[in-house]
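Please look at the sequence and structure below before reading on.

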Amino acid sequence: MFGRFDISRRSAAGWIGIALVVLALLLLPFVVDATLGRAWVRIIDVALLFIMLALGLNIVVGFAGLLDLGYIAFFAVGAYSYALLASPQFGIHWPFLALLPLGALVAATFGVLLGAPTLRLRGDYLAIVTLGFGEIIRILLNNLNRPVNITNGPQGITLIDPLQVGGFSLSRTHDLAGLIIAPVHSYYFVFLACALVSIFISLRLEDSRIGRAWIAIREDELAAAAMGINTRNVKLLAFAMGATFGGIAGGLFASFQGFISPESFALLDSIMVLCMVVLGGMGNVGGVVLGAILLTALPEALRYIGPLQQRWLGEVYVEPSDLRMLLFGLALVLMMLFRPAGLWPSSIRRRELSDEDEPRAEQARA
């Protein structure tokens with residue numbers, strides 16, 4: 001039995017639906033390339049990486065209720081673990097099948113190191129400590145170029161090895177029976193597979209005893225401890241699991257970009273990933289995936305506002321970069337006012353908010 005994935009309960013219509021979804025996902029990069037251009041295929045690749053990041057943060061914030069503002073640090077740890085061992089920086093070129101698990105392990109270790117001293121912190125205090133942790137990692141990477149050059153400082157690491165299996169490199173264009181597969185197409189399929197595995201793991205964790213323990217801690221840590229849950233170990237596991245997702249995504253990002261620097265892992269990126277979790281639906285895997293897709297694609301779509309102003313008004317009155325942040329902030333405000341549980345909230349979160357609204361409505365009527 002596999003819970004919600006029990007294959008014995010699938011009807012013919014269900015299997016047809018699954019087959020259509022799989023076919024659509026396989027054709028998506030080629031359709032987008034033919035209609036919107038190859039740049040949008042790259043945006044889809046980045047969205048898949050952010051899905052992995054958001055799912056990892058959802059374990060910490062959505063399941064366990066631990067506010068983490070420095071999550072991007074685990075992304076940086078995974079990226080630099082890959083880059084240092086797959087580039088001319090040290091002259092080491094390990095295969096990615098060894099580097100990705102290593103990056104996940106290193107990131108999980110950093111997750112435990114972050115979680116251990118913060119076990120007694122909650123709310124704003126935990127947020128400040130995790131924010132500081134994220135900045136410490138970024139500043140450390142920025143200054144580890146002397147007296148011994150490890151990270152190459154603010155110049156970053158270049159010529160990072162792409163993903164390669166045998167003689168098949170994802171950084172080269174391939175011709176498969178007349179079908180041209182560009183590097184962004186190849187990376188799409190790898191990122192898609194990793195994102196689907198991340199979704200599967202998140203759903204299984206949510207239904208597991210560990211997931212229920214995280215939710216119990218989120219709702220009432222004192223009551224969870226009274227029921228026999230080892231809150232210390234469960235919290236550390238949440239930090240480690242969330243960091244693992246970030247470490248793997250970081251390694252994939254480094255191989256995809258071919259270049260990384262400390263500025264790729266700024267505080268704004270942590271805030272963006274947190275917004276994906278909150279706007280999509282904190283604690284709901286489907287909502288988190290939706291939030292990651294929207295907050296990756298919409299800012300890029302708003303870039304077209306500049307050319308539209310030039311075409312319709314003859315002049316660009318509002319810079320697209322300024323308008324993007326303005327609309328992004330407005331969307332956050334409206335979401336918190338009208339959809340505080342997110343676009344696709346979990347059933348538990350929706351029920352909690354409805355229970356809170358009932359006494360307020362009764363007071364208003366009185």
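The text that follows treats the aromatic pairs, then an aromatic cluster, then the nonpolar surface.

The model is predicted. Across the whole structure, a search finds 12 aromatic pairs. Two of these are set out in the table, with the distance between ring centres and the angle between ring planes.

| Pair | Centre distance | Plane angle | Geometry |
|---|---|---|---|
| Y71 and F74 | 5.8 Å | 75° | edge-to-face |
| Y187 and F256 | 5.1 Å | 65° | edge-to-face |

The planes of Y71 and F74 stand at 75°, so this pair is classed as edge-to-face, the cut-off being over 60 degrees. Both residues, Y71 and F74, are buried.

With its planes at 65°, the pair of Y187 and F256 is likewise edge-to-face. Y187 and F256 link distant parts of the chain, being 69 residues apart. Y187 lies in helix α6 (residues 183–207), while F256 lies in helix α9 (residues 231–257). Y187 has a relative accessible area of 2% and is therefore buried. F256, at 9%, is buried too. The cut-off for buried is under 20% relative accessible area.

Aromatic residues also group beyond pairs: F75, Y80, F253 and F265 make up one aromatic cluster.

On the surface, a nonpolar patch is formed by W15, I18, V22, L23, L26, L27 and V31. Together these residues have about 600 Å² of accessible area. One of them, V31, belongs to helix α1 (residues 12–35). The relative accessibility of V31 is 46%, so V31 counts as partly exposed.

Methods:
Residues numbered from 1 in each chain as written. Predicted model: local features only at pLDDT ≥ 70, side-chain atom pairs only at ≥ 80, totals over all residues. Heavy atoms only, no water. Phe/Tyr/Trp six-rings, centres within 6.5 Å; stacked < 30°, edge-to-face > 60°. Buried < 20%, exposed > 50% of the residue type's maximum accessible area, 1.4 Å probe, protein only. Helix = DSSP H or I, 4+ residues; strand = E, 2+ residues; numbered from the N terminus. Patch = residues over 30% accessible without salt bridge, like charges linked within 9 Å, V, L, I, M, F, W, Y side chains within 5 Å. Areas by Shrake-Rupley, 256 points an atom, 1.4 Å probe, with all protein chains shown as cover. Salt bridge = Lys/Arg side-chain N within 4 Å of Asp/Glu carboxyl O.
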